[in-house]
Amino acid sequence: MPLLEGKGVTRYFGGLAAVHKVDFYVERGEIVGLIGPNGAGKTTLFNLISGALVPQSGQIHFKGENITGLKPHVICKKGIARTFQLVRIFPNMSALENVALAALFGRPDGLSMKQALEEAEKWLEFVGLSAVKGVPARNLTLANQKRLEVARALATDPELLLLDELMAGLNPTEVAQAMDLVNQIRERGITVFVVEHVMKAIMGICDRIIVLHHGEKIAEGTPQEIANSRTVIEVYLGE
Amino acid sequence: MKILLEVLITGLLMGGLYALISVGLSLQYGVARILNISHGEFIMLGGMTTWALYTALHISPLLALAICGPLALGLGYLIHRTLFKRLLDRAPSFAVFEGNSMLAAFGLMFILQNIALIAWGAEIRGYSYLSIPVHFLGTLFGANRLLTFGIALAIGLAFYLFLNLTRTGKAIRAAAQDPATAGLMGVNINNVLALCFGLGAAMASVAGVLISMCYPVHASMGLEYTVIAIIVVVLGGLGSIPGSFLGGFILGLVGSIVTFLEPGLALVAYYIIFIVLLLIRPTGLLGR
Amino acid sequence: MRLGKINPKKLWVPGATFVVLALLATLPLYASTYSVILLTSILMFVILALSWALFSAPTGYISLAPAAFFGVGIYTSAILGKQLPFPLVVSLGGLISFCLALLVGALTLRLRGIYFAMFTFGLVELIKHFWLWYEIQFTGTRGRFVVVVPHNTIYLAMFAVFVLLLLTTYLVRRSRLGLALRSIGECEEAAAHIGVNVNALKTVMFAVSAIFMGAAGSIIATRWTYVDPYIAFNPLYSFMAVLMALFGGLGHPYGPILGAAIFAYLEELLITRFPYYYMLIFGVVLIITVLYLPEGLIGLIGKIWRRVRGGHYAAA
């Protein structure tokens, strides 16, 4: 049984299919990539998994349990955490508060304030933000804000982490650091599902890649297979 | 049948005025992102100034149109340059600006209303202008009602043409679509925003002049008209000029029909429409 | 985040609070009737501003509904005041407001920003006009007479509601609930995705804040003795609550209290002789606050205090 499994997941906006009958699965311990041109429905699919949107048809199962249509906070407590394409931090709170909030509310077992703060320190250290933990999040650099989002997501103690364009807007060094971070997360036993717009960044870290185009799944396979796939090349060249 | 016709025409006449009241508010929100709670105060200023000019100097309300419109345009322009531009420069996001500008507009409402109260007192004022009955489609209507309706339509149409045909109008529409890009294309964005706010104020004061030709006016009448304008604008779609006209006519008709059936419930009907609409379709009938 | 370290230099704040509360609680014993009546008014505005801030300050939702809940309280008193004992009437005023707010809160979950503000404003007007129609249609009169209650009783009831509100505000701010509310104000979407039950929290806090508005309404109605829908559901009470709270500052509960106290006193001085000037000042102060005092009076005082003390208390 896969950790996460979607069957025929569909979501329309107006008359337009943002995600159309998409089947997907993510095995425990994998790093799976979700790629596709702009407007392919990648973020929409993440929104459907994390509960920000409700699918019009199809089902999503997590650890064998049907989570279709559950509210975001419930899905979070079940063990799916996410980051956002455009950073959504709590700007006027310190980095430590940002992460501590997640530890306080994102777990099924309630932590005390003291435990939550310890947990937050731990994850800030993990993503390398210990030095700026007291700084209001709005004053961090974009790369650090993205790391903060990762720490915040991890503090909810997830089994599955959805990373939405972690690398977008980062310079090459920062991209390399972010790729290391993703690998470290996997080493912690957390399954990772990543959306990336840039193909290069994703090829190096993923075990398996799913390609969306116009809301439909057009290819799936190892990075090697995807790189050689004629359909995928056509879609990207045709863009 | 005759009664039905009368109800319909009353509704349409009312609707024309409602539309004119609302166009300015819609423009101010659509382009400048200001929910101008003080909109009704400009209506009040238009109405009260016309009354003052008529009773003191016997200046015709039609001439008052030409006086109040430009004055309100200038006042609105200045208010935007001094107050709202500052708020815009300081706000970290549009959401914050919308909240702050609404609160500042509340402040403006209190200031304008109470200056008027200090200057003119709280009494209800009125004058008689063209209140001769005229036969229209077999029913009697005041000539002033028909005249104001005609002027309201003409002004609305002129305004629509202005937005669609002139250079300035096109700049305004560009700014409404995408302020940042409009700035890049050489549109002086601060000027356009201030102009829009001024135009909104001018439309309000012109509506105020027309209102004073048919109904009594007083210094604290502003808020009730603001409320009507907000309802119309939400009905038609916040920021949509044709929407304001559609919303105005619908609300005018609803008003006259409900008044005919149960006079006490007209305002209740307005608010029910308003609240239900906000819940099921906050973007309104023609909103984006 | 306040980590529970007690700074002895800051003990004077709770100390002073306690002394002031004790003085207020015993006011009828030593003060004139005039002072008791004046302080009742001040406390009423303090309750409106502080309970508005309880929900709106952390979440950033501008609610213009206080007048609706205040009015519901007023009419609870007007309708039930003659049959039921005073404390029960006040509790019912709070309870009915709570239930109404729960319904409104659940309905408006999707509305953000100015749409929420417009809805809550429309609510006040809808209730006012509907109620006016109902009264004229079914009771045949426009207004009602409210049972008269002694000034001291009114004052003590208002004080009790104030203390409860203060306690609630303190507990919410100290608890994880307060943090969760702030996270909604900072970024609602992110809050939901880190496990905050955004909808439930918003609805419940909106309703809790309405309890105090309703209770204040049912108390003050007994002093007004006559009410009609225009008096009870006057949107001005919403505007006042918002302005007073903003002017005082939303960063600390003492902000709205300070703002409301200053304006309530100003109203007492000006409203009968110079009502228009009072409202004019009101508007000017609102604009100045939005333009130059984003953190309100309490933020300004804090800034000056820090400067005077040479930055001993660096910003946390």
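Let us begin with B:Arg33, the residue that follows helix 1 of chain B; its phi is positive, near 60°. The structure is a predicted model, in which local features need pLDDT of at least 70 and side-chain atom pairs count only at pLDDT 80 or more, while totals for chains, interfaces and linings use all residues. Residues are numbered from 1 along each chain as its sequence is written, chains are lettered from A in the order in which they are written, and side-chain values use heavy atoms, without hydrogens and water.

Helix 1 itself covers residues 2-32 of chain B; a helix here is a DSSP run, H or I, of at least four residues, numbered from the N terminus. From its first C-alpha to its last it reaches 45 Å, close to the 45 Å expected at 1.5 Å a residue, where the expected span is 1.5 Å times one less than the number of residues.

I turn now to the interface. The contact (heavy atoms within 4.5 Å) takes 41 residues from chain B and 37 residues from chain C. Helix 6 of chain C gives 14 residues to the side that touches chain B, the largest share.

How much area is buried between chain C and chain B? About 3,600 Å², and carbon and sulfur atoms give 83% of that; buried area is the accessible area (1.4 Å probe) that two parts lose on being put together, summed over both. C:Ile114, C:Met118 and C:Tyr276 supply 18% of the area that chain C buries against chain B, more than any other three residues.

Key
Helices (H or I, at least four residues) and strands (E, at least two) are DSSP runs, numbered from the N terminus.
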